[in-house]
Structure formats: C-alpha cells, structure tokens
Amino acid sequence: MIDPSRIAEINRPRESDHRADLDHAATQITRIGLDADDVIGALAGFSVAAPSWAVGTGGTRFGRFPIGGEPRNTEEKVDDVAVLHSLTRANGSISLHVPWDDPDDPEALRQQAADRGLFFDAMNSNTFQDNPSTTDDGRTTYKFGSLANVDADARETAVAHNLAVIDLGVELGSKALTVWLADGTNHPGQADLRRQFELVAEGLRTIHDHLPDGWRMFTEHKPYEPAFYSTVNNDWGSSLLLAQAAGERASCLVDLGHHLPNCNIEQVVSRLAMVGRLGGFHFNDSKYGDDDLTTGSIKPFQLFLIFCELITAGGGTLPDLAYMIDQSHNLKDPLEDLIQATEATAIAYAQALVVDRATLREAQDASDPALAQEVLQRAFRTDVRPLIAEARLRNGGALDPLGAYRAIGYRHAMIAARGRATVATGL
Ligand code: RM4
Ligand code: MN
Ligand code: MN
C-alpha cells in the first residue's frame with residue numbers, strides 16, 4: 001500500500017497546472033449544458049477490475065521476458081493491485097483465474113484484500129489447460145475439449161472444476177463466474193459441430209444451476225485460438241444462445257479482442273444490451289486478433305462508441321456490469337500497462353458522458369448525419385483528462401498515476417523483495 005501522504009506530496013507540484021486544465025475542461029462541457037461536477041462524480045464512481053493473470057509479464061509462444069519483482073502467489077498479486085488502486089482509485093477489485101490462483105487460505109486472502117480496500121470480481125475457470133491434479137498419471141483431460149469433449153469423464157471434470165471455482169468464489173466474496181472455453185476443432189470433420197455446441201450448452205446449464213443466490217455467470221466468446229478451424233463459442237450469436245440455454249442468470253461477456261477483424265463491436269454491445277444479456281467486458285485492444293494490447297491504444301474511437309452504447313443501454317448512466325481488463329503485458333511493466341488501460345477506459349467513459357445527447361437525437365430524428373458526426377467528434381476530441389484527474393484526486397489518488405508509480409520506485413522495491421527471477425502465473 002502506498003502512504004496517502006506520499007501521493008499527496010507527489011501531487012502537490014502538479015496542482016496549479018491541473019486547476020488551469022480543469023477550468024478549461026469544465027468551461028467546454030458547460031457550453032453543451034452539462035455540469036462538470038456531475039461528470040466528475042460519475043467518473044469518481046467508476047472502477048474496472050484488474051486481472052490477476054496479467055500483473056506478471058505475459059509472453060508469446062516465442063518467448064517470455066520477465067521483468068523481475070513479479071508476484072509469486074495470489075497474495076502478492078493482491079498487493080500489486082492494491083498499489084495500482086491506491087494510485088488510480090479506479091481498480092477496486094481483482095478478478096482471479098483458477099488454478100493459476102489457488103489460495104490455501106481463502107478466508108485470509110479475502111481479509112487481506114478487504115484490508116486493502118479491494119474485493120474479488122468475477123472468478124475465471126480454466127479448462128483450457130490440464131490441471132496438474134487431474135493428470136498425475138500423465139493422461140490429458142482437455143486435449144480434445146472440456147465441456148464439448150466426447151469423453152464424459154472429461155466433461156464431468158470440467159463441470160466439477162467450474163463448480164469448485166464457484167465454491168472458492170463464494171469464500172472470497174465474489175459474485176460471478178466467467179466461462180471462456182477453448183473448445184473447438186483444428187480440423188474439418190474432427191468433431192460434430194452441432195453435438196459440440198449441445199454438449200457445451202448442457203454443461204453450462206449444469207454449472208448455472210449451481211450458482212448461489214445473487215451470482216451471475218458470463219459466457220465469453222472468441223472466434224479462434226487455440227482452436228483454429230472452429231470454436232464452439234465463436235461469436236456473440238453463439239454466446240447469446242449459450243447464455244440463454246444456460247439460464248436466466250447467464251449473460252454474455254464481450255472481450256474486445258475476440259471478434260473477427262472490423263467487427264462493429266458497439267453494435268454487438270447494443271444488441272446484447274437490448275435483449276438483456278450483456279454481462280460484462282474484458283477490455284484490451286487489438287490490431288489483428290486476440291492481441292491483448294493496451295486498452296485504447298489502437299482503436300480509441302471504437303472504445304468511445306462502445307461506452308456511448310453502454311450509456312444508452314443504462315438510460316444515461318453506466319449499467320451495472322462486470323468491467324474488467326484482460327491484457328497480456330509482454331514488454332511493459334504490467335502495472336504501468338494497467339495504469340494506462342484504466343486511464344484509457346476512463347477517457348472513453350468520460351467522452352461518452354460529454355456527448356450532447358439531445359442534439360444527437362435531434363440529428364438522428366432529422367436524418368442529419370453531418371450534425372450527428374459533429375456531436376460525436378466534439379465529445380471524442382474533448383480533452384477529458386483533467387476531469388478524470390480531478391475524480392482521482394477527490395478519491396485520494398494520483399494526478400499522474402504513471403509518474404507517481406515511477407516516483408515511488410515500486411518495481412525496484414519488488415525486485416529487491418521478491419527477486420529478479422520471479423515469474424507470475426498467468427498468460
Ligand atoms: C482468453 C480469454 C479469457 C482469458 C484467457 C486467459 O483468450 O480472453 O478471458 O481468461 O484468454
Ligand atoms: Mn478475455
Ligand atoms: Mn483473450
């Protein structure tokens with residue numbers, strides 16, 4: 001945890017510039033009839049979960065270059081997220097991935113997180129790798145799929161794993177399960193496409209029926225990888241069918257990297273929200289595929305349009321969904337990348353909040369696309385960063401989280417404490 005007085009001290013020399021920037025931003029948004037305090041208030045309430053599997057450096061199948069000082073267990077991941085949150089004040093929860101996270105003492109972990117002002121967001125199950133406990137004899141369970149496997153034992157193992165993840169989540173105070181499946185095929189004819197889908201629907205229904213009161217479940221689609229010919233839950237239509245088949249408390253999670261190129265993701269968001277089955281997000285950015293690049297670094301306008309749809313769906317405010325980051329940090333310090341992703345997400349949200357919705361509606365009613373474009377572009381090109389910085393400041397965070405992160409020397413301290421050769425479990 002970072003001492004708040006240290007953050008205040010780092011903020012101090014930046015404050016007068018910040019005030020000037022904030023005045024300018026407030027004047028601009030007042031011109032479109034909005035109240036800057038309302039926008040700042042909404043931003044101050046925004047939080048996006050940090051993924052436990054991405055506080056270490058990721059890698060590619062060609063190599064991995066650990067940065068040093070990486071968390072060696074879930075407790076240390078919680079500590080990293082606590083530091084992140086104390087700077088951004090917008091990462092108040094952590095999403096675990098089991099068995100990459102397999103705490104010995106869930107109650108102690110829950111307490112540790114609570115002591116740091118964090119809670120556990122959606123739990124993620126992993127049936128795309130073999131769990132060591134099921135492969136003591138060298139057998140593989142999931143090579144040919146999990147819920148879609150023709151082998152009933154493998155299907156049962158996958159269901160049991162999901163139920164165990166829910167049970168662990170209950171102990172940790174989580175309220176949701178995200179199911180991303182690698183099930184599919186690499187070769188035409190390898191499996192019956194329809195049977196695979198029906199088996200997954202059946203498995204998800206069983207898992208859904210185990211959800212405790214107040215829990216939700218998310219189906220996460222992805223077009224390909226690791227299955228390269230067909231994936232069972234390959235797109236939002238399949239995800240919707242699976243969520244509907246699973247049960248009332250199932251909805252779809254949209255990972256921004258899980259779409260075929262040029263997909264209109266904001267339209268996907270609109271459709272899922274319309275039918276009440278939009279469950280949450282995994283934020284990241286993508287140039288070609290599931291690149292897991294920094295949120296907002298490639299297609300910031302798309303991210304803005306997604307938040308516009310969300311605010312429409314929420315009738316003017318952000319709907320209560322599971323907002324999470326899912327990135328792989330191969331080159332940057334993972335905490336720096338998460339700071340940047342959080343900022344990019346807040347920027348898109350703020351830009352969507354400053355859309356002059358009344359004029360946009362008039363433009364739509366008058367079939368005036370030029371005016372509609374003016375309205376969107378004006379919001380998108382507004383420098384909303386001072387509003388976000390102000391929200392952070394009011395919450396006790398850093399005016400410049402990345403600068404503050406470097407100033408406190410957290411990575412150096414962690415290399416000293418945890419060692420240079422540590423590798424976190426995760427992507
Ligand atoms: C998948 C998907 C899941 C994530 C795994 C690690 O591509 O994005 O959400 O849990 O990667
Ligand atoms: Mn994801
Ligand atoms: Mn992914």
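## Residue H85

H85 is buried (under 20% relative accessible area, against over 50% for exposed and partly exposed in between; 1.4 Å probe, protein chains only), with a relative accessible area of 9%. The residue lies in helix 4, residues 74-88; helices are DSSP runs of H or I of at least four residues, strands are E runs of at least two, and both are numbered from the N terminus. Leaving aside neighbours within four places in sequence, H85 is in contact (heavy atoms within 4.5 Å) with A90, N91, G92, G117 and L118.

## Basis

This is a predicted model, in which local features need pLDDT of at least 70 and side-chain atom pairs count only at pLDDT 80 or more, while totals for chains, interfaces and linings use all residues. Residues are numbered from 1 along each chain as its sequence is written, and side-chain values use heavy atoms, with hydrogens and water left out.

Not counting residues up to four places away in sequence, L310 touches V269, L278, F281, T317, L318, P319, L321 and Y323.

## Residue L260

L260 is exposed, with a relative accessible area of 52%. The residue sits in the loop between strand 12 (250-255) and helix 9 (265-274).

Conventions:
Chains are lettered from A and ligands numbered from 1 in the order in which they are written.
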